[in-house]
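Student: I'm new to this one. Could you show me how to read it?

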Amino acid sequence: MAIVEIRNFWKSYGDFAAVKDFSLDIEEGDIYGFIGPNGAGKTTTIRFLSTLLEPTSGSATICGLDVLRKPLEVRRIIGYMPDMFGVYEGMRVWEYLDFFAALYGIKRASREAVINDVIQLLDLEKKRETFVEALSRGMQQRLCLAKTLLHDPKVLILDEPASGLDPRARVFIKELLKALQEMGKTIFISSHILSELADCCNKVAIIEQGTLVAAGDVRGILEQFRETLKLEIEILSEPGPCEDVLARIPEVSSIEVHGKLFKVDFTGELPHISTILKKLVEAGVEVLWFREVPPDLEDVFMQVTKGEVA
Ligand SMILES: Nc1ncnc2c1ncn2[C@@H]1O[C@H](COP(=O)(O)OP(=O)(O)OP(=O)(O)O)[C@@H](O)[C@H]1O
Ligand SMILES: [Mg+2]
């Protein structure tokens, strides 16, 4: 059984269906990326999974516990990070963590050790005495993530934890996700930063206008959705003959020329790309390099979602 199972989740607001018949399995140890354009239904799905939103219909379980029937038990095993950080004035970083640790029912005697652990993990040592409202946005996200980890949850449900962060802070979050995975946690994470999800998630789900359009292993999805192979060819000789050869190959569907660099879309099969190279060489084209450009999650996303916003 999957550690998280969402079955036929629907959420409507009046006549508008924000999420339609959404089902997904997350296996233990997955870092599962959840991507979709603004308004696609990510936060709606995440709030349902985190026991904070009543569905119109459908169900979900986490570690076999039903989110509708056992919300309190579910909350004990999940760490939910919302897309917005609430306002907490007059509280220092450690007080904020202490407050939530107490809410999670962590006994006074062990609270200090737990707080020290998450402060260390999130590298917040220097901010321990800072007032929460005085933290920068990136530091607030870190604190929010620290709070999410206090009760050592098995499953993390993170709604855009990296939004608004600078590149270094994003790398930090990415490394942290890997470390958390190594600690045995399962992570469901929404984001717009697709290239980043591609190299830290093993699986992704793509949602558009409330409908799940693709889900599963990142590589499988990339293969499934790409229509053409992309080739890049750089030559040393004059571009004319090279362009002529390429234009005569029926499976070449488009050619972009940038000086002596060619970007080519090829509709044939991967093993056939070597025939292109052979034809170029036979025509006397001096090839400097020739490669297939691996598909990119961003391209797949643009293609699958077609930029339609709900
Ligand atoms: N309380 C509500 N009442 C009416 N419509 C709502 C409500 N909450 C969400 N919606 C609508 O449901 C749709 C999905 O919203 P949701 O917040 O889940 O999208 P999202 O994928 O998280 O988007 P973003 O990337 O902008 O965070 C949107 O069209 C939104 O306007
Ligand atoms: Mg959202």
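Tutor: Helices (H or I, at least four residues) and strands (E, at least two) are DSSP runs, numbered from the N terminus. This is a predicted model: local features need pLDDT of at least 70, side-chain atom pairs count only at pLDDT 80 or more, and totals for chains, interfaces and linings use all residues. Residues are numbered from 1 along each chain as its sequence is written, while chains are lettered from A and ligands numbered from 1 in the order in which they are written.

Student: Which helix gives the largest share of the shell around ligand 1?

Tutor: Helix α1 (residues 42–49), with three residues.

Student: And which residues come nearest to ligand 1?

Tutor: A residue is near a molecule if its C-beta atom, placed from the backbone, lies within 6 Å of it. Of the 12 residues around ligand 1, the nearest are Y13, A18, K42, T43 and T44.

Student: How do I read two packed helices?

Tutor: Two numbers describe such a pair: the angle between the axes and the distance between them. Axes are lines fitted to C-alpha atoms, for helices over the stretch in contact, and angles run from 0 to 180 degrees between N-to-C directions. Here, helix α3 (residues 93–103) packs against helix α5 (residues 137–149) at about 30°, with axes 9 Å apart. Angles under 35 degrees count as roughly parallel, so α3 is roughly parallel to α5.

Student: Which residues of α3 and α5 meet?

Tutor: Contact means C-beta atoms, placed from the backbone, within 7 Å. V93, Y96, L97 and F100 in α3 meet L143, A146 and K147 in α5.

Student: What about a sheet?

Tutor: Strands pair if DSSP finds at least two bridges between them. Four strands form an open, antiparallel sheet ordered β12-β13-β11-β14.

Terms used
Parallel < 35°, antiparallel > 145°, perpendicular 65-115°, else oblique. Contact = placed C-beta atoms within 7 Å.
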